[in-house]
Amino acid sequence: MRSQVARIEANSDHQAVSLWLVEYRDSPQTLKSYRREAERLLLWLGSQGLGLQDMNREALRQFEAFLQDPQPRSQWVGPSKPREHPDWRPFRSGLSPASRRQSLIILQGLFSWLVEAGWVGHNPFMLMRDKARRLNNQSQTIERYLEQPLWQWFWQWLNQPLSSHDERHVYESVRRRFIFSFAYLLAPRISEMANAQMDDFHEQEGRWWWSVVGKGSKQARIPVPDDMLLGLKAWRSTLSLQPLPAYSEPTPVIRALDKRRGISDNQLYRLIKETFAKAADALEEEGGKPAYVDALRRATPHWLRHTAITHQAQSGVSLRYLAESARHAKLDTTNRYLHTEAEEWHQEQQRHRLKTPPKGVSETL
């Protein structure tokens, strides 16, 4: 029985979690991932005859083991299906260590909110011995990005001559190049790309800008590099449009095969993932560096944002403008993209070496 006074209008765990999710309605991708993790937890609790109020340290330990190996697999694991399909399952496979960590980070936030809401009496995550180390979502540096040589190879691969001049094949090729140039040059989140309108690009005093409503409904204006403007012109030419957007042109930037309708976040996500997968196969066939092949296979659309910001930092863009372009609320977040200290540290460490042994017999000490 709940002893504390609830501060939310909810009659069930499901309703309480739904109210928490409402807080993220302005961030579609965040909402999607948070809903997935919360649903997995509620389904598991239901299978154990438990509720959110019953979640203690031992239950949390069991749930973490369950995330690694959902059993019985026939009940929990299956191929990707629509949510309403009878063969839908909440897992494609057991979660990797990184995915389990991310799931726990999300659910830790859920329980913090539920405690404040008076729906549960405590947050079991606070009892984790290594909580600070494991559940801090801010690593010291960004690691999920494509290194410069890999990006250069990838961009050349995207721009290789077409093997077919079929109209659809040409259109998809141009669209793919535009999507990746958009992602690399302006560092958008995937929802921002999917929702971008042509008149979000506008000219003021001879300079082109991209206006975007980002995370938390924050509005921003980002300078458009010349390469992005060239890419936009080429893409609009493919769409049979004038080279540059008009002042009032509220139509989708990224479009479906009919060249009119926009595409959803999920469609764009799949398109980018499929491109990365094909590139990984191509690089592997070329005998490319295994670590680079693996990076392409693991890469997600958000890696492109990390890649864009990291490469801007490496090219010398100042921290102030880097933070503005990335739309970070704190400079500490932007600092994670600066790898200069790691490079200097690595160079300094090379001073510490094994000395070349003498050619003769070693002297007795």
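User: What is the relative accessible area of S112?

Analyst: This is a predicted model, in which local features need pLDDT of at least 70, side-chain atom pairs count only at pLDDT 80 or more, and totals for chains, interfaces and linings use all residues. Residues are numbered from 1 along each chain as its sequence is written, and side-chain values use heavy atoms, with hydrogens and water left out. S112 lies in helix α5 (residues 97-116); helices (H or I, at least four residues) and strands (E, at least two) are DSSP runs, numbered from the N terminus. Buried means under 20% relative accessible area, exposed over 50%, and partly exposed in between, with a 1.4 Å probe and protein chains only; S112 is partly exposed because its relative accessible area is 35%.

User: How many helices and strands are there in the chain, and what percentage of its residues count as buried?

Analyst: The chain holds 16 helices and three strands. Of its 365 residues, the part that counts as buried is 41%.

User: Is T307 buried or exposed?

Analyst: T307 has its place in helix α13 (residues 301-314). Leaving aside neighbours within four places in sequence, T307 is in contact (heavy atoms within 4.5 Å) with Y145, L146 and Y184. Its relative accessibility is 0%, so T307 counts as buried.

User: How far does helix α11 reach from its first C-alpha to its last?

Analyst: Helix α11 covers residues 265-285, which is 21 residues. The expected span of a helix is 1.5 Å times one less than its number of residues, and for α11 this expectation is 30 Å. The reach of α11 in the model is close to that value, at 31 Å.

User: Which helices are included in what covers the buried residues of α11?

Analyst: The buried residues of α11 include L268, L271, I272, T275, F276 and A279. An α-helix has 3.6 residues a turn, so residues three or four places apart point the same way. The cover over the buried residues of α11 includes α2 (28-47), α7 (148-158), α8 (167-186), α9 (190-195), α12 (290-298) and α13.

User: Which residues are in contact with F154, leaving aside its neighbours within four places in sequence?

Analyst: F154 is among the residues with the most contacts inside the largest nonpolar core. Leaving aside sequence neighbours within four places, its contacts are F180, T275, F276, A279 and L296.

User: In what order do the three strands form the open sheet?

Analyst: Two strands pair if DSSP finds at least two bridges between them. β1 and β2 are antiparallel over four bridges, while five bridges join β2 (residues 207-213) to β3. The edge strands, each pairing on one side only, are β1 (201-204) and β3 (219-223). The order in the sheet is β1-β2-β3.

User: What is the bridge partner of F201 in β2?

Analyst: β1 and β2 form a hairpin with two residues between them, and E205 in the turn has a positive phi of about 50°. On the β3 side, V213 has Q219 as its bridge partner, and V212 stands opposite A220. For F201, the bridge partner in β2 is W210.

Technical notes
Core = buried A, V, L, I, M, F, W, Y, C linked by side-chain atoms within 4.5 Å.
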